[in-house]
Amino acid sequence: QVQLVESGGGLVQAGGSLRLSCAASGRIYSVSVMGWYRQAPGKERDLVATISSAGNTNYADSVKGRFTIFRDNSRNTVYLQMNTLKPEDTAVYYCNADLRSSIRSAPVNYWGQGTQVTVSS
């Protein structure tokens, strides 16, 4: 059984920093795209950033220059370094990954359970 386990959320003042981590565990053959999404109360879940297995990144305009996504392929782990946090960054942050459990299986998309990030003004 594959799991994505997130950690690193919490409460921080505006202008502060947090680092989120997400580790994929279980039967894993390969992991392709990994990413972070967020959902604020009453809003839809939106893309924050993604990173391919080759290290190509994509960011939402609202976080460019403040957030950095990176990964450790040897540990099937993706990170999100969040700097200069703003109150509007407050949301539940979800890890997402496309992975294959074996050489014969098709890629399957997985979600983590979410971690709360709260930025106070």
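Strands (E, at least two residues) and helices (H or I, at least four) are DSSP runs, numbered from the N terminus. The model is predicted, so local features need pLDDT of at least 70 and side-chain atom pairs count only at pLDDT 80 or more, while totals for chains, interfaces and linings use all residues. Residues are numbered from 1 along each chain as its sequence is written, and side-chain values use heavy atoms, with hydrogens and water left out.

View A. R71 is buried and has no salt bridge; D72, the nearest side chain of opposite charge, is 8.2 Å away. Buried means under 20% relative accessible area, exposed over 50%, and partly exposed in between (1.4 Å probe, protein chains only). For charge, Lys and Arg count as positive and Asp and Glu as negative; His and the chain ends are not counted. A salt bridge is a side-chain nitrogen of Lys or Arg within 4 Å of a carboxyl oxygen of Asp or Glu. A polar atom of the R71 side chain lies 3.2 Å from the backbone oxygen of I51, and the R71 side chain also reaches the backbone oxygen of S52 at 3.2 Å.

View B. R19 counts as partly exposed because its relative accessibility is 44%. Its side chain makes a polar contact with the side chain of Q81 at 2.8 Å. A polar contact is a pair of N or O atoms within 3.5 Å; within protein, one must be able to donate a hydrogen and the other to accept it, and residues adjacent in sequence count only if both atoms are side-chain atoms. Between R19 and F67, 48 residues apart in sequence, the C-alpha to C-alpha distance is 9.4 Å.

**View C. Salt bridges around D89.** D89 pairs with R38, the closest N and O atoms being 2.9 Å apart. Because D89 lies in the loop between β8 and β9 and R38 in strand β4, this pair ties together parts 51 residues apart in sequence. D89 also meets R66 in a salt bridge (2.7 Å, N to O). R66 lies in the loop between β6 (57–59) and β7, so the pair with D89 ties together parts 23 residues apart in sequence. Both D89 and R66 are buried. Salt bridges that share partners join R38, R66 and D89 into one network.

**View D. The salt bridge between D61 and K64.** The closest N and O atoms of this pair are 3.1 Å apart. D61 is exposed, with a relative accessible area of 64%, whereas K64 is partly exposed at 49%.
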